[in-house]
There are 2 protein chains.
Amino acid sequence: MEDNVLVIHGGGPTPVINASLYGVIKQAVESGGIRKVYGALGGTRGVLEEDFFDLLRIPEEERELLLRTPASAIGSSRFALEDGDYAKMPGIFRKHGIKYVLLNGGNGTMDTCGKIDAACGGRVNVVGIPKTIDNDIAVTDHTPGYGSAARYLAGTVHEVGEDVRSLPIHVCVVEAMGRNAGWLTAASVLARKEKGDAPHLIYLPERPFDEEEFLEDVKALYDRQGQVVVVASEGLRDADGNPVVEPVFRTERAVYYGDVSSYLAGLVVRRLGIKARGEKPGICGRASVPWQSEVDREEAVLAGKEALRAAMEGCSGVMIGFRRKETPGKEYRAETFRVPIKEVMMYEKTLPDEYINERGNDVTEAFAQWCSPLIGGGIPEFIRLDKYKKEIQS
Amino acid sequence: MEDNVLVIHGGGPTPVINASLYGVIKQAVESGGIRKVYGALGGTRGVLEEDFFDLLRIPEEERELLLRTPASAIGSSRFALEDGDYAKMPGIFRKHGIKYVLLNGGNGTMDTCGKIDAACGGRVNVVGIPKTIDNDIAVTDHTPGYGSAARYLAGTVHEVGEDVRSLPIHVCVVEAMGRNAGWLTAASVLARKEKGDAPHLIYLPERPFDEEEFLEDVKALYDRQGQVVVVASEGLRDADGNPVVEPVFRTERAVYYGDVSSYLAGLVVRRLGIKARGEKPGICGRASVPWQSEVDREEAVLAGKEALRAAMEGCSGVMIGFRRKETPGKEYRAETFRVPIKEVMMYEKTLPDEYINERGNDVTEAFAQWCSPLIGGGIPEFIRLDKYKKEIQS
């Protein structure tokens with residue numbers, strides 16, 4: 001009897017994707033019924049090429065490094081599978097004694113997960129582990145990877161805000177990842193500790209972007225406080241649904257756009273004559289280990305453990321989701337549950353209206369409260385002389 | 001008798017500029033002869049407006065927050081002084097009982113330091129505290145602020161390298177600050193832990209940038225390994241000395257250039273047809289506390305302490321510099337010394353030839369050895385499955 005597990009990573013990585021891998025390995029060891037924990041090297045392509053590596057070969061004392069290794073230790077892919085590819089999988093799984101298949105990824109990967117499940121017809125148990133910095137998977141309250149990327153953005157905008165305030169630089173636009181869903185962009189609100197703190201404006205892909213309103217907002221804040229920090233989604237579109245930045249280049253397969261941060265900074269310089277700069281940390285934020293959220297890391301481990309547990313309990317065609325528990329002191333506690341994979345396949349969850357302010361240039365307090373526990377332990381305190389000045393005056 | 005100190009910050013901040021401020025406060029308290037430690041709020045403008053804040057009013061237990069607060073807690077400025085401004089200073093200092101004036105900044109600020117010293121004619125002792133992420137101040141081996149910004153860049157490129165390798169993204173260009181001096185760009189070399197690690201190409205402002213050679217280098221690496229991480233200085237210029245990126249906009253006072261990272265990524269897409277993206281962390285790297293180098297932070301504190309000590313010992317018109325000590329085990333140890341301010345005023349120290357490879361697309365091992373101790377404690381280890389694969393094969 002050889003019951004083996006196969007883990008497959010799909011799509012862009014997160015700072016804690018390997019923490020889920022660690023969770024799978026831990027659960028496999030603890031459950032006792034698993035012989036090998038294969039990682040498919042390079043995502044689904046690795047499955048078709050039977051390029052597997054048994055993760056139990058990593059010495060036990062070195063496994064914890066997975067908790068603090070960003071990107072994907074077993075690789076990943078954006079390789080689209082064809083119908084014939086799915087048909088080959090049951091044979092490959094049988095050949096390698098694979099009884100449990102776990103797919104870690106976003107809604108595209110969950111689509112693959114559902115299709116592999118269908119192709120296997122119950123002979124293999126196929127379970128999804130949610131993962132995305134975009135937090136755009138349906139049904140689950142939130143997704144491992146999001147809390148750490150959110151903490152990176154909040155912490156970084158907090159630091160940039162100090163820099164801009166101290167110099168003063170006039171206008172600084174920070175670009176956030178998330179082309180269609182504004183969850184990550186919105187998380188920058190957690191940089192605010194006091195009234196007047198950065199970010200001063202937040203522009204989300206859920207609202208049409210109006211350049212004239214943007215310039216009005218920037219001008220008003222500049223006149224009042226002399227410095228403005230803007231956080232803008234990389235996916236901003238105008239009222240007609242066209243990206244605000246013109247395509248830089250088109251190939252047969254893809255369109256390349258310029259950077260939103262750089263474009264908006266240029267707009268401020270040209271139209272308002274105010275000095276501005278754009279910053280685009282981009283994948284620097286998707287791979288940042290120092291900004292990992294502890295809550296996120298622990299939940300990523302849990303998602304990996306629960307996925308294997310579900311598969312070993314006979315479940316298939318489900319994804320592990322998170323929901324919040326009611327607690328007496330209203331402190332944050334989350335528990336996992338099993339979501340039918342059909343409910344999450346290819347669906348993109350965007351930021352709901354109640355989390356966006358009326359003018360579409362900020363998020364609401366309700367969003368900040370929802371997001372705050374996910375970044376785990378908050379962001380550092382800085383010294384502010386204003387505090388002591390007030391104490392002296394009062 | 002009231003001997004007061006005045007600290008003035010100039011130019012762009014660093015992650016440890018406030019650590020030097022902490023050092024000044026600590027030295028003032030320990031020396032016993034100081035009544036007030038004024039910070040000039042908003043740089044030299046704060047001096048002229050007599051906008052001072054006594055930093056001893058920060059409760060002792062909260063002062064350590066200065067060690068981990070980025071940007072400048074007392075503000076800064078790029079405000080150019082006129083001759084008449086210098087003439088006003090002696091009177092202002094006298095009025096506030098200021099005996100010691102410490103200027104913390106780069107070579108521009110050291111110029112101001114020298115001029116204030118001249119204007120005071122020996123009645124006030126004026127000492128410079130070096131600070132710049134660019135590391136371009138003359139005479140001193142290195143400058144507080146550089147080690148932390150260097151650690152940020154090395155650590156971030158290490159993380160980005162994992163991300164790019166795992167997906168695989170094809171080409172990623174990371175832009176580094178430092179318009180004329182390549183010290184910071186060069187520090188990205190410390191991201192390399194094993195052969196083949198990112199960054200694969202490093203382009204410095206000290207060498208003319210040749211687009212054709214760049215495309216050749218990227219193509220060759222792409223063909224060989226499928227993914228290429230490039231680190232490029234924001235200040236790249238062609239053989240005629242013109243910035244490689246066309247000006248986006250010109251005002252009467254300034255020229256605004258596009259981003260080098262975005263430009264080079266676009267070039268790879270257009271000319272080679274290879275998918276590429278650019279990242280520009282920009283001031284995110286100048287303000288990053290999680291990436292502070294411990295060595296850098298401690299040296300920043302020391303520079304602040306030594307500056308006040310020098311002033312109190314009667315020195316004026318000097319800057320605190322660092323030099324390396326010979327040690328038996330060749331481990332890193334640095335000591336401070338006093339540099340005549342005339343030797344550092346407005347001089348920009350660029351990367352010497354022996355630190356740049358022949359083709360101008362990388363740095364040398366000598367540079368890596370020079371830079372390595374400054375980032376203090378290195379950058380995190382990540383898990384690499386290749387290691388275990390090799391062990392199994394051998």
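The following questions and answers concern a predicted model of two chains, A and B.

Residues are numbered from 1 along each chain as its sequence is written, and chains are lettered from A in the order in which they are written. In this predicted model, local features need pLDDT of at least 70 and side-chain atom pairs count only at pLDDT 80 or more, while totals for chains, interfaces and linings use all residues.

Me: What distance separates the centres of domain 1 and domain 2 of chain A?
Reply: The domain assignment of chain A gives domain 1 as 4–133 + 290–343 and domain 2 as 149–285 + 351–375; such bounds come from an automatic or database domain assignment. In their contact, domain 1 of chain A supplies eight residues and domain 2 of chain A nine, where two residues are in contact if their C-beta atoms, placed from the backbone, lie within 7 Å. Taken over C-alpha atoms, the separation of the two centres is 33 Å.

Me: Which element gives the most residues to the side of chain B that touches chain A?
Reply: The contact takes 57 residues from each of chain B and chain A. On the side of chain B, the elements supplying at least two residues each include α8 (260–272) and α12 (385–393); helices (H or I, at least four residues) and strands (E, at least two) are DSSP runs, numbered from the N terminus. With seven residues, the element that gives the most is α5(B).

Me: How are the two copies related?
Reply: Chain B is superposed on chain A by a rotation of 180° with 0.0 Å of shift along its axis, at an RMSD of 0.0 Å. The superposition is by least squares on the C-alpha atoms of residues with pLDDT of at least 70 in both copies. The copies are thus related as by a two-fold rotation axis.

Me: Which residue of β2(A) stands opposite Val7(A)?
Reply: Five of the six residues of strand β1 (residues 4–9) of chain A are buried, so β1(A) is largely enclosed by the rest of the structure. β1(A) is joined by six bridges to strand β4 (residues 98–105) of chain A, where Val7(A) stands opposite Leu102(A). With strand β2 (residues 37–40) of chain A, β1(A) pairs in the parallel sense over three bridges. There, the residue opposite Val7(A) is Gly39(A).

Me: Is Lys325(B) buried or exposed?
Reply: Lys325(B) lies in the loop between β12 (318–324) and β13 (334–340) of chain B. A residue is buried if 20 or more other C-beta atoms, placed from the backbone, lie within 10 Å of its own, exposed if 12 or fewer, and partly exposed in between. With 9 other C-beta atoms within 10 Å, Lys325(B) is exposed.

Notes: Pairing = 2+ DSSP bridges.
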